[in-house]
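Please find below a short note for your study of this structure. The points are numbered so that each may be checked against the model in turn.

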Amino acid sequence: MEKLSTRVAVATDSNSGITQMEAKELGVFVLPMPFMIDEETFFEDLTLTQEQFYEKLGDGANVVTSQPSPESVMNFWKDILNDYDEIVYIPMSSGLSGSCQSALMLSEDFDGKVQVVNNQRISVTQRQSVLDAMLLVERGMNAADIRDFLEKDKFNSSIYIMLDTLYYLKKGGRITPAAAAIGTMLRLKPVLQIQGEKLDAFAKARTKNQGKTIMINAIRADMENRFGGARADNIWLEIAYTKDVEAANQFKEELLKEFPGFDIAINPLSLSVACHIGPGSLAVACCKKI
């Protein structure tokens, strides 16, 4: 008798920026991340839209990111395993949240059926890992092999984010009030980077245009020096933004002048990132194609 092939599901959390509707279209599964807003719990893209989130943030609500409960994670996996044999689960970077470590521990109860990928990505690069995983499923790889592949590939991605304001970093205790005050006084536009697992300062720009130039030069250097060339057949190029989609579309036009022939995707930054950096942020990211 011919052996039936293993049915492998690809799952992630809403930090990837994949909405529930997109998940259905793509054939993947997305665990919504919980938020506490003024002591009330909301779930990203289920009971909390991007618009509602920025409205509450603008009204000065106390917004805190939270980890999904162990029960919700395990029930999410159990539901998927009703129809699949194995799961490749891609949570947000272990360097930015404890939810990856929790998932790794919880997966021990699933006899190898749930493979948690600790590939230290977030937002549009995490989203790309999901798309890569689907491609690997199509190629017939099992969940453990896909996890190994994605973890080896993890540093083949890069993100640069320009903030419009230091207010939210200060509010979240990510920078000192003094540093925020000086930056705000000088109207600085800080550019942060995510290389692997940490969010770090990269440069300070005086204007948005200068900030964009810094990001474009940095992403080009990564493509050429780390990822084997700034070519459309080699690199996925992506833009992420908080709240202001028009600014993202304008940035896309500027990027296309610098990188003609690239297919540049635009996606909103996930709310877990947005609550730390606030509205008006722009990011450029790249991933090496597998």
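**Notes on the predicted model**

1. At 0% relative accessibility, Cys 287 counts as buried. The structure, which is a predicted model, holds 0 disulfides. Cys 287 is accordingly in no disulfide, and the nearest cysteine sulfur, that of Cys 286, is 6.7 Å away.

2. Cys 100 is likewise buried, its relative accessible area being 0%. The closest cysteine sulfur to that of Cys 100 belongs to Cys 287 and lies 17 Å away, which is too far for a bond. For a disulfide, the two sulfur atoms would have to be within 2.5 Å.

3. Asn 15 is located in the loop that runs between strand 1 (8-13) and helix 1 (20-26). Is this residue, Asn 15, buried or exposed? Asn 15 is buried, with a relative accessible area of 0%. When neighbours within four places in sequence are left aside, the contacts of Asn 15 are Met 33, Met 92, Ile 122, Ser 123, Gln 126, Ser 270 and Ser 272.

4. Helix 3 comprises 12 residues (residues 70-81), which should span 16 Å at 1.5 Å a residue; the end C-alpha atoms are 17 Å apart, in agreement with that expectation.

5. The buried residues of helix 3 are Val 73, Met 74, Phe 76, Trp 77, Ile 80 and Leu 81. They lie on the same side of helix 3, because they cover an arc of only 155 degrees around the axis. The face turned away from this buried side carries the exposed residues Glu 71 and Asp 79.

6. The buried residues of helix 3 pack against several elements, including strand 1, strand 2 (29-31), strand 6 (86-90) and helix 4 (99-107). Strand 7 (114-116) is also one of these packing partners.

How values were computed. Residues numbered from 1 in each chain as written. Predicted model: local features only at pLDDT ≥ 70, side-chain atom pairs only at ≥ 80, totals over all residues. Heavy atoms only, no water. Buried < 20%, exposed > 50% of the residue type's maximum accessible area, 1.4 Å probe, protein only. Helix = DSSP H or I, 4+ residues; strand = E, 2+ residues; numbered from the N terminus. Contact = heavy atoms within 4.5 Å. Expected span 1.5 Å × (residues − 1). Arc of directions from axis to C-beta.
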